Structure formats: structure tokens, C-alpha cells
Amino acid sequence: MTYLVNNSINVINTWYYPRGPASLAYLQRDSTLIYPFRVQNPTMINGGVGGGIAHMDWDSNVLWLYIVSNDLYQHHHDIQPLPNGNILVIAWERKTAAEAYAMGRQTINNPLNEMWSEAILELEPIGTDSANIVWEWHLWDHLTQDADTTLTNYGIISEHPELIDINYGNVGGTQGPGVSHADWMHLNAIDYNADLDQIVISSRTMGEIYIIDHSTTTAEAASHSDGNSGKGGDLLYRWGNPQVYDRGNGSDQQLNAQHGVNWIPANYPGGGNLILFNNNYQNNNSAVFEIVTPLDSTGNYLLEENEDYGPDGPIWTHSGGFHSNVQSGAFRLPNGNTLITEADDAHMFEVTSNGMVVWNYVYPGQNIMIARAQRYTLNYLNQNDFPDYVSGDINFDGEINIADISHAVDMLYEVGYNPTPPADVNGDGAVTMVDIIILVEMAFND
Ligand SMILES: [Ca+2]
Ligand SMILES: [Ca+2]
Ligand SMILES: [Ca+2]
Ligand SMILES: [Ca+2]
């Protein structure tokens, strides 16, 4: 189930799909929903497995459905709808043990005898059940190693912060939420920054987030040059655990099993910064981190010789009283507050920049997980595609009362939300004092 609720937890809309979610669903401005879900028979199983993406209308009718679950790829966790209508998808990418050893991997110890790397696929939806893959990025093209001098990707790890050491960390195991698996990086979140034309992703097992260039062609993304950055598909930035690129030790590790990384929109407080949920922060507490990336005016991320990428720490942290080992996330809101989801307790709460909890909700029931919740402003939906409403019921709660009048007054004085169709009670295309007067009559004659 996917719910759209208001601040009072009145349900505005419900979407149903027969398969459970892989991560959060994304409401579109045309009132449709893009929903990543778990297919029945994934080709590789670990936590967060998905495999399907369904695009549904307001009434849960499936408009488009696409499966990324085959011999080569298995979608998992997050997706990212793009402004042009395409969708970025995180996928595990199958490599055999032989392929991994040929790249310099030294040990693989899982019953599948495989190493599932990671890829990002950009889907252009076609018709009701097809897609063109219009852009691809493969982690496999951006690896280095210092174990086998005879291979072309041999290098000194600390001299290649733009690459991933193929020998860092374990590959798979016999344990897991499903069965034996061959997961390595365990990416779990993806977001897109249209201003920079860059992508940010998060790796649970590395304790790192990465930024890569999206301005490349697929061929350039496989290379180490070209694109806006001039670096092809190499890492432009990484943060959280400099041990992975041999420029730090355990005391420099800042992230542990983090999820939900995303850019704060430019016009919000903290605009351009990254915000994320650091699941295993310290003392069995999770934390939300906001970090300022060391981006210079030419679009490069500053890195001093022999140093790790900054910043030294978050510019803002919220912690205490909540922990989830799985999923979870945080989104900055336009007023500077932050909406946090503690996934394992289906707990959502909003804190001010001073850490005061101003809204708090736990979805009732046992063993219910909510991967992440996101808040949308009341003017988010396009006016022409606005969903069904009762004129005057501005907050969609089925009654017309003082709360609706309050919203309408805010719209009149342009302090809260942009005018919405249910607030234009007399239907003349604007929200004015005339609408408020009619609304007051409706509310008190009810
Ligand atoms: Ca996303
Ligand atoms: Ca918890
Ligand atoms: Ca109402
Ligand atoms: Ca009006």
C-alpha cells in the first residue's frame, strides 16, 4: 500500500499494488505514482530486492510496467524519476567468479560463486510495458586493485580516489534476508541533481556515498574522460569512509550502513547540500547528517593531495532516540525542517533545525516497515491534472471547516500554499476574498 496523507494523517489517496515495495514510491505532479516493487522470482536476492517499476494513475490503474530482473541485471532498492520522464534504476549486475578474478578480485566465498557488481540504467518508458535504456553506468568500468601487478587496472589505491578497490569488503555469503547471495556494494539510494547533471548514490557495505557525472554518453560513462567533469564515469566525489580508498583509518569513518542520500533543493534552507540517514551512527543510535560538499565554482570537488574528501563532519546532525538498521531516510522541507523516517518502526517525524520534534507519527501495527516517507507541498500537483476533489475541501479530509478556511486565507495572502482548485470555490480561476466568504458560509452552515 502507498498512502498520501495530510498532516493530520487523514488519507487523501491510497494506491494498491499486489507486490510489496522495494523502496519509497514517487508521486508525480500529474497525480500518478512511480512504484518500485519486488518481483516474485528475483534473479539475485538480498535486502532491498525489487525488480519491477509500476507507473500507476491516481486510481491505481497501471499505465506502464517494466521488469529489470534477468540473467544480467536485478533491480534493487531505490529509483529516481527524472524531470524528462525517464527513470534511473539501481541494478545488481552479474559477474562470474572467473570474471571477477580476471579483474584482480582475490577471494569470492559464496555458494553462488558470483560477484554481483552494480549498474545504473536510465529507462525511457515506451508504451505500456517497454523501455529504451538510453544511458548506462557500470561500476565494473571504474575499478582498481593493488594485488595483481600483471593486470591493467593495477594501481596504488590511495592514488585513485576516482576508482573503487575491487578487493575492499566481502562478496556475498550464506546469510541474508533471503538466501545465499553475491552482493558486494549494496547500493541503496539514488538521487539526481538537474543543476549539476550529476547523480548521487549510497553504498551500505562501503559506508560511502558517491557522486558521478550524468552529462556523459554511455560510452563516455565507461571511460575516464569527457562529460562536463572531464572524468567520464569515474567518481567525482566520495564521502563517509576514506579507508576504502586508503586515505584514512577507522577513526575517519563517518558513515555506517547509511541510506536515503539526496540533494536538498536549491531554494530550500541548506540548498545544494546532501542529506542522509546514517543508520548505525553510534551507541545504537541512528543520525541524520547534512553535509556541505567541497564543490568549487568550476564544478569540481576539491581534494587535497594525500587527504580524504571533506567535509570533516556534517554541518547539521540530528540524533537521539531512534535507530533503524535497514532502509530509512530524511528529506529537508521548504521551511528548514526535516522529515525523517525510521523504517523498522514505521516511524515518521519532523524536526526543526534546532532538533525540536514538531510532528510525529507511527503507523500502527506490528512488523510494519516504511522504507521512507516524503512530504509534498499542497501546490505540488499540477492544476490541470489535479485529482478529484470537493470544492472547498482544501485539505481533502471530507469535511469543510475552519481548517479549510485557514488554508484559503494562507493562499489569499500568499503565505502558505499556491492557490489550488478546491480553494477556488466560485470557479473564477483565482482565490480571492469572495471564495473565503463562500467558504465561511459553507463551513458554518454544514
Ligand atoms: Ca531516489
Ligand atoms: Ca527502530
Ligand atoms: Ca477539509
Ligand atoms: Ca475564486
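This report describes the fold, cores, sheets and domains of a predicted protein model.

## Basis of the description

The model is predicted: local features need pLDDT of at least 70, side-chain atom pairs count only at pLDDT 80 or more, and totals for chains, interfaces and linings use all residues. Residues are numbered from 1 along each chain as its sequence is written, and chains are lettered from A and ligands numbered from 1 in the order in which they are written.

## Overall architecture

The protein contains four helices and 24 strands; helices (H or I, at least four residues) and strands (E, at least two) are DSSP runs, numbered from the N terminus. Its radius of gyration is 23 Å, close to the 22 Å that the globule rule gives for 446 residues, so the protein is as compact as a globular protein of that length. That radius is taken over C-alpha atoms, and the globule rule is 2.2 Å times the number of residues to the power 0.38. The C-alpha trace spans about 85 × 45 × 45 Å along the principal axes.

Buried residues make up 41% of the 446 residues. A residue is buried if 20 or more other C-beta atoms lie within 10 Å of its own, exposed if 12 or fewer, and partly exposed in between, with C-beta atoms placed from the backbone. Among contacts with a separation of 6 or more, 50% are between residues 24 or more positions apart; a contact requires C-beta atoms, placed from the backbone, within 7 Å.

## Domains

The domain assignment gives domain 1 (2–385) and domain 2 (402–444), with bounds that come from an automatic or database domain assignment. Their centres, taken over C-alpha atoms, are separated by 40 Å. Four residues from domain 1 and four residues from domain 2 take part in the contact.

## Nonpolar cores

A nonpolar core is a set of buried Ala, Val, Leu, Ile, Met, Phe, Trp, Tyr and Cys residues joined through C-beta atoms within 7 Å. The largest such core has 81 residues, and the members that touch the most others are Val89, Ala91, Ile120, Ile199, Val200, Ile201 and Leu276. Beyond its neighbours within four places in sequence, Val200 is in contact with Asp191, Ile209, Ile211, Val261, Trp263 and Leu274. A second, separate core has eight residues, including Ile405, Ala408, Val431 and Leu439.

Strand 4 (residues 33–38) is joined to strand 5 by six bridges in an antiparallel arrangement; strands pair if DSSP finds at least two bridges between them. Strand 5 also pairs with strand 6 (residues 62–67), antiparallel, over five bridges.

Gly52 of strand 5 stands opposite Phe37 and opposite Ile67 in strand 6. Five residues lie between the strands in the hairpin of strand 5 and strand 6, where Ser60 takes a positive phi near 70 degrees.

Four strands form an open antiparallel sheet in the order 17-18-19-20. Strand 17 (259–263) and strand 20 (316–319) are at the edges with a single partner strand each, so one side of each has no neighbour in the sheet. Strand 17 and strand 18 (residues 274–282) run antiparallel and are joined by three bridges, with Leu274 in strand 18 as the bridge partner of Trp263.

## The loop at Thr352

Thr352 is found in the loop between strand 23 (347–351) and strand 24 (357–362). Thr352 counts as partly exposed, because 14 C-beta neighbours lie inside 10 Å. Leaving aside neighbours within four places in sequence, Thr352 is in contact with Asn337 and Val358.

How values were computed: Two residues are in contact if their C-beta atoms, placed from the backbone, lie within 7 Å.
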